[in-house]
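Subject: Structure handover

Hello,

Please find the structure below, followed by notes on what turned up in it.

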Amino acid sequence: MTLKTRLASWLPPLLPLILSLGAAEFAVRMAWVPSYLIPAPSEVLQSLLDDRSELTMAAWATLSSALAGLLLSFVTGTFFAITLSSSDLARRAFYPYAVFFQTVPIISIAPLLVIWFGFGQPTVIASAAIVSVFPIIASTLLGLKSTEPSLLDLFTLYTASRRQTLWMLKIPFALPQIFSGLRIASGLAVVGAIVGEFIGGGGLGSVVDAARTQQRIDRVFAAVLISSLLGVVLVGAVNFISALSLGSWHSSERKS
Amino acid sequence: MPWRTVLRNATLPLELAGWSMGDAESRATEELRRVRLAEFGARYPHQLSGGMKMRTSVARALTTRPNLLLLDEPFAALDEPTRHSLQMQLREIWLALKMTVLFVTHSVTEAVFLADRIIVLSQRPAQLLLDQNVALPDDRNAELRTALKYVDEVRRFTSAVPVSGEPL
Amino acid sequence: MNVVLLLISLMFLSHTAQAGEATKLSAVKFALNWKAEPEFGGFYAAKLAGSFEKRGLNVEIVEGGAGTPVVQMVANSKVPFGIAAADEVVLSQVRGTDVVALFAVYQTNPQGIMVHPERGFKSIGDVFAAPGTLAIQSGAPYTLFLQAKFANAKVKLVPYAGGIAQFLTDANYSQQCFVTAEPLLAKKKNKPAASFLIADAGFNPYGTVVVARRQYIDKNPKQVRDLIEAIHNGWSDYLRAPESANAWMVKLNPAMDSETVKESAEVQKPFIRPANLTDKELGKMSKERWATLVDQLFALKLIKKKPAVDKLYENF
């Protein structure tokens with residue numbers, strides 16, 4: 001790639017970022033915008049540097065909780081979806097309750113989670129799992145239900161058992177959908193973890209909570225930035241695994 | 001099944017029947033050899049042409065050494081040269097394995113080239129319009145397609161299809 | 001003749017009544033940082049007695065909730081007056097605002113730690129030295145103060161989410177509280193609590209202060225003076241006879257029942273007017289107390305520079 005093509009791909013997305021950061025910095029320095037409304041980007045950067053050890057430890061805590069919550073919601077969500085896909089009656093009976101997980105405002109049930117799971121990581125993991133489980137259920141269910149009919153016929157023709165059809169056809173066929181759901185769930189798991197930390201303590205959530213109390217908006221922004229990064233990391237991990245499993249055969253993973 | 005290699009696509013019926021993977025792979029390789037795809041065993045379907053995918057399906061169908069082979073317009077989506085080639089390969093396979101092949105097609109020329117016996121059905125509700133043997137030798141090659149007796153047979157069966165020319 | 005006199009006097013009466021209504025009241029918003037409760041009793045008492053209206057002010061008392069950013073609202077001129085904690089005023093000015101304290105409800109800060117009596121704690125130090133959990137607002141000055149004072153704590157600090165639900169169910173749980181409020185609620189639920197003042201541990205900023213922008217005060221000096229005067233009288237009344245204000249607050253905030261409100265109003269009296277304080281000195285603040293607070297916040301690294309103490313407050 002020539003320098004020109006490199007610039008052509010990197011510059012357009014970078015330019016608005018540089019311009020807006022520069023404008024914000026300038027506005028705060030000139031006191032056009034009070035610093036307690038929007039922190040100057042340089043302050044946020046300073047905050048990141050000053051508190052880097054605390055932020056790193058907090059980030060690890062939140063990441064591990066989010067990951068554990070994601071794993072939990074993946075296992076339970078996939079199991080739930082498989083069960084629902086095999087029985088129409090079960091699906092009609094239980095799917096509406098799955099939707100509940102999507103709509104329940106996590107911030108209001110978090111205190112309940114503390115009563116059930118206690119302070120600390122168990123609550124945070126539970127919160128991350130609850131918030132991230134629905135996309136997994138919905139996507140997996142969709143994937144399992146969209147098996148190509150001709151392939152289903154093929155399996156019927158060879159008198160495959162339900163178990164064989166599930167494991168050798170339906171699940172592999174649904175993998176792209178499953179990964180799609182996992183991708184969405186991973187971002188949500190970070191959000192859920194941080195909300196859980198507001199109530200249960202620890203991680204980036206408590207950094208944000210304390211910073212808010214102290215009116216340190218720059219610290220809040222710094223922590224928020226790190227947590228977005230965590231989301232990116234998790235989604236990146238999912239993409240990597242997706243590329244490994246689908247890379248050889250699925251159109252979404254092929255460059256051509 | 002796009003997530004399985006050509007070889008694994010072919011082994012499917014045997015896996016479902018409970019064969020060990022080793023046995024399944026050797027039988028599948030045999031059939032892939034028969035359709036001349038043995039070297040492509042490690043490829044994925046998306047890397048194959050239409051004709052090759054079809055040959056894989058045929059190989060898969062043959063792994064269980066069925067007594068009856070059902071083919072529903074298998075060559076319809078392929079270009080003519082490929083179609084012709086696969087038709088001849090099918091005849092080869094049939095001659096070697098001798099199972100009954102039930103082949104559905106809308107192409108009279110294809111039917112005449114392939115079949116011993118042709119059954120013509122009308123539109124819905126399907127009624128038997130014609131059931132006759134094809135008067136052509138067992139050994140059918142490319143030259144046959146322009147031979148007089150082939151053309152005669154094609155004409156004979158074409159006239160059996162309703163004048164409106166509507167496909168079945 | 002009598003009829004004519006009657007008619008004329010009637011006309012006069014109606015005229016004066018109209019004149020009274022015709023005098024415009026300035027509409028002024030007053031933002032609380034929580035729901036209506038005895039902590040704000042004096043304000044409601046002032047409103048009830050018409051003290052604001054008498055001075056030409058139509059004060060609307062707006063209740064707040066968890067996380068209502070009253071100091072920011074005042075700093076951005078969204079509301080002219082609000083209630084905040086004394087340390088919030090200091091932090092706010094260090095950030096560059098001109099928010100100033102005008103009246104302090106609590107001379108002794110009622111912020112405390114409440115514990116289960118069965119644990120046998122005799123002081124806050126004991127709480128920190130023992131295992132268990134302590135729910136306390138993370139990042140709050142008193143939290144940092146206690147953490148600094150009682151380093152090597154065995155207790156596990158967890159976020160405080162409000163209420164006493166966890167306290168009622170967990171025997172090893174202690175939490176922050178206003179000693180005039182939450183312990184009373186716990187007693188009502190048959191889980192009496194022992195409480196310790198953080199002020200006794202050495203951190204005693206003024207509590208529940210009325211704030212406004214310096215810019216606003218300079219532009220409306222008479223209004224501010226009148227408001228503080230009315231507030232002062234309101235608190236004076238409330239300390240003597242809280243019944244009517246309590247009744248109104250119970251209606252506004254059903255979370256507290258009248259019995260608890262009555263008890264809380266009683267318990268908080270010495271915090272508002274300690275024994276040696278005269279009625280005239282109600283709500284007034286001293287430079288020393290503010291200076292101490294600034295020093296403490298600086299020592300806790302909550303502020304990087306010390307603001308001028310005189311600019312933090314003004315007694316009206």
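In which loop of chain B is Arg36(B) found? The loop in question runs between α2 (21-34) and α3 (50-62) of chain B. Please keep in mind while reading that this is a predicted model.

Arg36(B) is listed here for its backbone: phi is positive, about 60°, although the residue is not a glycine. Most residues other than glycine have a negative phi, and most peptide bonds are trans. Arg36(B) has 14 other C-beta atoms within 10 Å, so it counts as partly exposed.

Glu73(B) also belongs on the list, with a positive phi of about 45° although it is not a glycine. Its place is the loop between β1 (68-72) and α4 (80-97) of chain B. Is Glu73(B) buried or exposed? Glu73(B) counts as exposed, because it has 12 C-beta neighbours inside 10 Å and the cut-off for exposed is 12 or fewer.

The last entry concerns a peptide bond. Arg124(B) and Pro125(B) are joined by a cis peptide bond, with omega at about -10°. Pro125(B) lies in the loop between β3 (117-121) and β4 (128-133) of chain B.

Chain B: overall

Chain B has six helices and four strands, and along the sequence they follow the pattern α-α-α-β-α-β-α-β-β-α. Its C-alpha atoms fill a box of roughly 50 × 35 × 30 Å along the principal axes. Of the 168 residues in chain B, 23% are buried. Taking the contacts in chain B between residues at least 6 apart in sequence, 59% join residues at least 24 apart.

Chain C: the sheet and its helices

Chain C contains an open sheet of five strands, ordered β2-β1-β3-β10-β4, with mixed pairing. Its edge strands are β2 (57-62) and β4 (99-106) of chain C, each of which pairs on one side only. On average, neighbouring strands of this sheet are turned by 25° against each other, direction ignored. Helix α5 (residues 86-94) of chain C packs on the sheet, where it touches β3, β4 and β10 (207-213) of chain C. The direction of α5 makes about 170° with that of β4(C).

Within the sheet, β1 (residues 26-31) and β3 (residues 81-84) of chain C run parallel and are joined by two bridges. Ala31(C) has Gly82(C) as its bridge partner in β3(C).

Helix α11 (residues 221-240) of chain C lies across β1, β2, β3, β4 and β10 of chain C, and runs at about 15° to β4(C). With 20 residues, α11(C) reaches 29 Å from its first C-alpha to its last, close to the 28 Å expected at 1.5 Å a residue. Several residues of α11(C) are buried, among them Val224(C), Leu227(C), Ile228(C), Ile231(C), Trp235(C) and Tyr238(C). An α-helix has 3.6 residues a turn, so residues three or four places apart point the same way.

Chain C: two domains

The domain assignment divides chain C into domain 1 (25-107 + 205-312) and domain 2 (111-201). The centres of domain 1 and domain 2 of chain C, taken over C-alpha atoms, are 25 Å apart. Their contact takes 16 residues from domain 1 and twelve residues from domain 2 of chain C. On the domain 1 side, α13 (258-267) and α15 (287-299) of chain C each supply at least two residues. The largest share of that side, four residues, comes from α13(C). By class, the domain 1 side divides into seven nonpolar, five polar and four charged residues.

Contacts between chains

How many residues of chain C are in contact with chain A? There are 20 residues of chain C in contact with 17 residues of chain A. The elements giving two or more residues to the chain C side are α4 (70-75), α5, β7 (156-158) and α8 (165-169) of chain C. Of these, α8(C) gives the most, with three residues. The side of chain C that touches chain A has eight nonpolar, ten polar and two charged residues.

Chain A also touches chain B, through a contact that takes seven residues from chain A and seven residues from chain B. The chain A side of that contact has five nonpolar, two polar and no charged residues.

Regards

Terms used
Residues numbered from 1 in each chain as written. Chains lettered and ligands numbered in written order. Predicted model: local features only at pLDDT ≥ 70, side-chain atom pairs only at ≥ 80, totals over all residues. Pairing = 2+ DSSP bridges. Axes fitted to C-alpha atoms, helices over the stretch in contact; angles between N-to-C directions. Contact = placed C-beta atoms within 7 Å. Domains from an automatic or database assignment. Nonpolar A, V, L, I, M, F, W, Y, C, P; charged D, E, K, R; others polar. Expected span 1.5 Å × (residues − 1). Buried ≥ 20, exposed ≤ 12 C-beta atoms within 10 Å, placed from the backbone.
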